[in-house]
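We will go stop by stop.

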Amino acid sequence: MPNDVTPEALGRLLDLQAEDTAVKQLELRWANLEEAKQLAELNAALAELEADLDIAGKQRDEIAREQSRLEGEIKLLEDKTGREEQRMFSGSVANPKELSALQAEVASLKRRQSDLEESLLEVMVQGESATETWERLASERETTAVQAKDLGERVASIKNEIDSELERHRAQRGSILPDIPESLLKLYERLREQKGGVGAAALVGGTCEGCHTKLSNKESERVRAEGGLQRCDNCRRILVVT
Ligand SMILES: [Zn+2]
């Protein structure tokens with residue numbers, strides 16, 4: 001590399017480094033956005049609530065079907081008991097044996113009805129509990145959905161902001177590029193790739209800002225006196241005297 005790099009080109013290289021650092025930080029921020037992680041968790045919770053709600057809804061409906069089945073069966077029994085009782089008391093059955101059979105039949109119908117009424121009571125209690133569960137889950141889902149929507153909007157707005165910042169820095173970068181000789185730019189890009197995104201560093205008060213190592217006075221003076229392309233002895237980054 002010829003050592004005829006001008007101080008202006010080196011100054012612009014530091015400007016370029018500043019833009020590249022800003023871009024890198026913004027990209028990192030975009031990728032590691034805390035709000036985006038929270039949003040993913042919230043969406044996962046929402047999906048789980050939807051699934052639970054679906055199960056709770058099915059259970060509630062199944063219990064409701066069982067309740068109406070029992071109610072229907074009880075109604076039929078009531079009707080039948082009513083008819084048999086009417087027959088019993090109408091005097092149309094005179095035969096004592098037949099009458100006693102009828103009495104036994106009515107008693108049996110009433111026992112059956114009483115059993116079903118007990119089952120119905122249990123099912124109604126289950127139904128209340130299933131409805132409560134469904135309502136609790138539905139309200140939780142509603143709250144979570146609102147939170148997810150709000151956070152989703154916030155994440156989108158933050159990402160938009162980062163995107164426009166990125167665009168600004170990339171445009172700045174593009175406008176700096178023509179001011180830097182190609183060979184210097186190539187070296188810079190190679191170093192930037194090798195050294196965690198920092199290819200050029202300022203020499204401030206005798207200290208390389210790239211690796212924060214203080215150069216010896218002699219070395220520092222030599223760099224200043226020689227000018228042109230200089231590299232840090234320690235980290236090998238391009239050193240720019242400011
Ligand atoms: Zn250094």
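Start at the zinc ion: its site is tetrahedral, with angles of 107 to 113° among the four donor atoms. (Four donors count as tetrahedral if all angles lie between 85 and 135 degrees; donors are N, O and S atoms within 2.8 Å of the metal, or 3.2 Å for Na, K and Ca.) Select Cys 208, Cys 211, Cys 232 and Cys 235; their SG atoms coordinate the zinc ion at 2.2 to 2.3 Å. Their spacing in sequence is C-x2-C-x20-C-x2-C. Cys 211 sits in the loop between strands E2 (207–208) and E3 (213–214), and Cys 232 in the loop between E4 (230–231) and E5 (238–241), so the pair ties together parts 21 residues apart in sequence. (Helices, H or I of at least four residues, and strands, E of at least two, are DSSP runs numbered from the N terminus.)

This is a predicted model: local features need pLDDT of at least 70 and side-chain atom pairs pLDDT 80 or more, while totals for chains, interfaces and linings use all residues. Residues are numbered from 1 along each chain as its sequence is written, and side-chain values use heavy atoms, without hydrogens and water.

Next, select residues 34–90, helix H2. Its 57 residues reach 82 Å from first C-alpha to last, close to the 84 Å expected at 1.5 Å a residue.

Last, show H1 (residues 7–31) with H4 (residues 182–194). Their crossing is right-handed (the near helix is turned clockwise from the far one by less than a right angle).

Note on methods. The expected span of a helix is 1.5 Å times one less than its number of residues. Four donors count as tetrahedral if all angles lie between 85 and 135 degrees; four count as square planar and six as octahedral if opposite donors are over 155 degrees apart and all others between 65 and 115; anything else is irregular.
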